[in-house]
Amino acid sequence: KKDIFIFGIETSCDETAAAIIKNGTDIIANVVSSQIESHKRFGGVVPEIASRHHVEQIIAVFEETLEQAGLTFQDMDAIAVTKGPGLVGALLVGVNAAKAIAFAHDLPLIGVHHIAGHIYANRLVQEMSFPLMSLVVSGGHTELVYMKEHGSFEVIGETRDDAAGEAYDKVARTLSLPYPGGPHIDRLAAAGQDTYSLPRIRLEEGSYDFSFSGLKSAVINTVHNAEQRGEKIIPENLAASFQASVVDVLTEKTVRAAKEYGVKQVLLAGGVAANKGLRASLENAFGKIESIDIMIPPISLCTDNAAMIAAAGTILYEQGKRDGLDMNGHPGLDI
Ligand code: KG4
Ligand code: ZN
């Protein structure tokens with residue numbers, strides 16, 4: 001059987017990325033150009049700046065990807081690109097570049113959902129076995145996704161307000177930490193203790209939905225109250241307390257969902273999957289459940305990249321899914 005080479009493109013937020021994946025599982029090349037430095041001084045991603053950076057970087061990122069692989073576009077079987085969700089101006093840069101290459105080299109074009117990409121990052125590490133449950137936690141998403149087979153996604157729970165990563169970034173800002181704040185909170189938390197009593201927001205009994213805005217407000221109030229009383233907060237302990245609340249709720253709901261749906265595997269996905277506290281908590285919880293394997297990709301595959309897009313795109317390619325040259329970017333795409 002002939003090898004399948006998929007060229008993946010990701011530009012939904014603030015990383016300009018391209019990758020080549022062989023047979024859905026082998027990383028042949030993986031290039032990520034981050035814009036974090038350009039957005040840092042604004043405390044978050046500025047959509048206009050993101051689009052401009054993608055335009056400036058994308059050709060160089062493609063060239064470096066092909067060079068790393070020692071391959072050309074002629075060697076590819078298809079072009080896979082993130083079509084949504086994300087920042088519309090940012091998505092359009094990747095989508096239009098993908099269309100141009102597909103047209104010029106007469107290659108199939110495949111639009112990929114960003115979250116499907118995050119989930120398929122796991123397949124670059126180990127084969128998926130179904131049914132499985134994926135906890136997707138990123139700057140824009142917090143979802144429990146049930147998969148009974150390749151390409152089938154059922155969202156059984158999602159955030160009703162802030163995404164987990166968004167809560168991390170906002171709490172970090174309250175503690176005057178730079179953007180993106182997740183890794184800084186994670187680092188502080190490791191040096192602190194859970195001494196501030198913060199809420200665990202579980203919503204109605206049996207619900208798999210999440211809510212983090214109340215927790216974020218509780219952290220902000222803790223800081224303000226301390227300021228008013230002229231007391232100093234201990235950032236390490238506040239970070240540890242916040243992280244403990246997030247991790248407790250994420251772990252608890254993921255364990256309950258995995259048991260109820262009788263899954264064989266639990267996959268962690270998205271930028272917040274880089275969180276050391278969350279990784280340890282899930283490994284510990286599922287370490288005690290023999291029938292369920294926990295899979296956690298290396299940190300470089302958790303944050304935005306195009307290898308995951310090409311991995312998810314390979315499944316769509318094998319299923320015969322194709323998009324036309326009229327494909328658009330969809331900022332609010334459902335999985
Ligand atoms: O998946 P991603 O790269 O972009 C989106 O699709 O949103 O996720 C970025 C998010 C940011 O909110 C960032 O603060 C968070 O992931 N993040 C972390 C950690 N590393 C990145 N949050 C908590 N702990 C970390 N170690
Ligand atoms: Zn992402």
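In the predicted model described here, threonine 82 stands opposite valine 112, a residue of strand β5. This pair belongs to a region in which strand β4, residues 78-84, is joined to β5 by five bridges, the two strands running parallel. Both strands are part of an open sheet of five strands, arranged in the order β3-β2-β1-β4-β5 and with mixed pairing.

Helix α2, which comprises residues 47-69, touches β2 (15-22) and β3, and its direction makes about 25° with that of β2. Helix α3, residues 88-105, lies across β1 (5-10), β4 and β5, and runs at about 160° to β4.

The domain assignment of the chain gives two parts, domain 1 (5-119 + 302-318) and domain 2 (128-296), and their C-alpha centres lie 27 Å apart. The contact between them takes 14 residues from domain 1 and 20 residues from domain 2. On the side of domain 1 that touches domain 2, the elements giving two or more residues are α1 (36-40), α4 (114-120) and α11 (307-318), and of these α4 gives the most, with four residues. By class, the residues on this side of domain 1 divide into eight nonpolar, five polar and one charged.

A further open sheet of five strands is formed in the order β8-β7-β6-β9-β10, again with mixed pairing. Its edge strands are β8 (154-158) and β10 (293-295), each of which pairs on one side only. Neighbouring strands of this sheet are turned by 20° against each other on average, direction ignored. Within the sheet, strand β6 (residues 132-137) and strand β7 (residues 142-147) pair in the antiparallel sense over six bridges, and valine 137 has threonine 142 of β7 as its bridge partner.

A helix pair was also examined. Helix α8, residues 235-260, and helix α9, residues 276-287, pack at an angle of about 35°, with their axes 10 Å apart, and their crossing is right-handed. The contact brings Gln243, Val247, Leu250, Thr251, Thr254 and Val255 of α8 together with Gly277, Leu278, Ser281, Leu282 and Ala285 of α9. The residues of this contact divide into six nonpolar and five polar, with no charged residue.

The remaining feature concerns ligand 1, which has 19 residues around it, with Gly139, Gly165, Gly182, Gly271 and Asn275 coming nearest. The elements that contribute two or more residues to this shell are α5 (164-174) and α6 (182-190). In terms of class, the shell around ligand 1 contains six nonpolar, 10 polar and three charged residues.

Methods:
Residues are numbered from 1 along each chain as its sequence is written. Chains are lettered from A and ligands numbered from 1 in the order in which they are written. This is a predicted model: local features need pLDDT of at least 70, side-chain atom pairs count only at pLDDT 80 or more; totals for chains, interfaces and linings use all residues. A residue is near a molecule or strand if its C-beta atom, placed from the backbone, lies within 6 Å of it. Ala, Val, Leu, Ile, Met, Phe, Trp, Tyr, Cys and Pro count as nonpolar, Asp, Glu, Lys and Arg as charged, and the others, Gly among them, as polar. Two strands pair if DSSP finds at least two bridges between them. Two residues are in contact if their C-beta atoms, placed from the backbone, lie within 7 Å. Axes are lines fitted to C-alpha atoms, for helices over the stretch in contact, and angles run from 0 to 180 degrees between N-to-C directions. A crossing is left-handed if the near helix is turned anticlockwise from the far one by less than a right angle, and right-handed if clockwise. Domain bounds come from an automatic or database domain assignment.
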